[in-house]
Amino acid sequence: MNTYYSMEVNVQILVSLMKKHGIKKVIASPGTTNINFVASVQQDPYFELYSSVDERSAAYMACGLAAESGEPVALSCTGATASRNYIPGLTEAFYRKLPVLAITATQHEGRIGQNMAQVIDRRAVLNDMVKLSIQATTVHSEEDKWALNVRINRALSELRRHGGGPVHINLETTYNKDFTLKELPAARAINRVCYGEKLPEMLSGRVAVFVGDHRKWSDKLTKAVDKFCLKYDAVVLCDQTSNYRGKYRILANLAAAQSRYFSPLLETDLLIDIGNVSGAYMSCRAKQVWRVNPDGEMRDTFGKLTTVFEMEELDFFEEYNALNCSEERAAGYYEEFTAECARIADKIPELPFSNPWIAQNTAGRLPENSILYLGILNTLRSWNFFETPASVSCYSNTGGFGIDGGLSSLIGMSLTDKDKLCLGVVGDLGFFYDMNALGNRHVGNNIRLMLINNGRGTEFRNYNHPASRFGDAADLFMAAAGHYGAQSETLVKHYSEDLGYEYMSASNKEEYLKKSERFLIPELTDKPMIFEVFTDFQCESDAIKMMNSLEISASESAKKLAKKVLGDKGVQVVKKLIKK
């Protein structure tokens, strides 16, 4: 009987990626739990197999083979205590930085500690045994497959990273007896390029730079990115926390937020990902993603990562700026994208009094050279729709993405320069969660805080949130309504004034526009300010829905027209005819 590759998907991914990462030498020890892996590589002529009954000896053999050949060498053993015998050889490999890949076979993790035969716990390893240890669990879903692909790529790449060294993969098996797969599915390889190594050629087609949360940009880095965009006809996709203020900035959140339209300008052949966690939830479609960061970690935010550049952003852009282009690139992507954003923005109707309306009527009026801190989710989303002055720096706690430290972060920012205005916009739950920070004796008169008080976590009452289906019942525990005075008109006023803040409030558009003039004056005042703005959760939801429904794709328009002309039953009849 002919046997081919195992039907276990985790085995398929591992074997496919070993081939793509150039790992062909394997020393296998006998056993049952590792049969699915061994049988798969045994029948593939790409691999060069050796046998060793003694796992301790196998690990030392791998050290010698790796040292002499200069190539990574894989080990394969069964369950029980077989892997324990790898420890001396892997320790040797660790201190000599030898690329030895220990693939230990294991049963389901849930069997650990259940007195089941041949099951031991390999989830923790010694400090000086391997550089990295991962669990290659059984695949049950597409997300499992994606996560495992990234995890194994990271492990295999680590064999050569920073001088090299041993790596451990704990490969789970279900003892699947089906070995009928004749051709391995293509697994996506993720490569790592370090500074000083040869760079891959710049891809042809549409190129965009995506910037997540980012620290202050140096003039040198901004100029390098601008030069890159000019050379490769690229744009820089930003949210407010990106802080890139160069010539090719595109605040693309409004275009990306459209629920019935996907802008073709968000489809790229190459997306260069820099910065940290973005709270914009921007839907970009890229054929390939390059991640540039000195940490060199494989962070597959968009699901299309192919290369990680372990280097400073400035080095990356300067290196590619110095390369000779293999093709002439027509300019116009930035102008086209700018026009697209303007076209959609022109469709914004009169919004109800809400966080988006406040952002619309405030973002462009922020004092020059000020700092803006934005609360997560509803506030960050709303202010991402509208451009701020180029001299304003914007931040949000998108790292851990919690509501618990907004005011404290704002205060921390203000301490750097007591002459620089620091403005914050937070919701009521975030405000009351962190309100003790307002009494800190280091608070200066350069702080101005806007509290959007809608009496609940309005995020959970937005029309497109999973909790919205529960209606008013969501207020009880999901949206946590009714706490902290239930939109009391005096609670925050007394608290802030007793602490020495200047307090003002608004409950409608007219009041807001009048009071905001004081809140936004560029000069420092005698006291820090708190501006409490009372909004209604339904208006908040309606405003977000309006912002997300500005544009309709051609196919959506055709569907609406057909439904109007034919009715629901007529549409169903046409669908059936098309299927036939």
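**Exercise 1.** How many of the 8 residues of strand 11 (residues 267–274) are buried?

*Solution.* The structure is a predicted model, in which local features need pLDDT of at least 70, side-chain atom pairs count only at pLDDT 80 or more, and totals for chains, interfaces and linings use all residues. Residues are numbered from 1 along each chain as its sequence is written, and side-chain values use heavy atoms, with hydrogens and water left out. Strands are DSSP runs of E with at least two residues, and helices runs of H or I with at least four, both numbered from the N terminus. Buried means under 20% relative accessible area, with a 1.4 Å probe and protein chains only. By this criterion 6 of the 8 residues of strand 11 are buried, so the strand is largely enclosed by the rest of the structure.

**Exercise 2.** Which strands are joined to strand 11 by bridges?

*Solution.* Two strands pair if DSSP finds at least two bridges between them. Strand 8 (residues 207–211) runs parallel to strand 11 and is joined to it by 5 bridges, with valine 211 opposite isoleucine 274. Strand 12 (residues 285–292) is also parallel to strand 11, through 6 bridges, and here arginine 285 is the bridge partner of glutamate 267.

How values were computed: Buried < 20%, exposed > 50% of the residue type's maximum accessible area, 1.4 Å probe, protein only.
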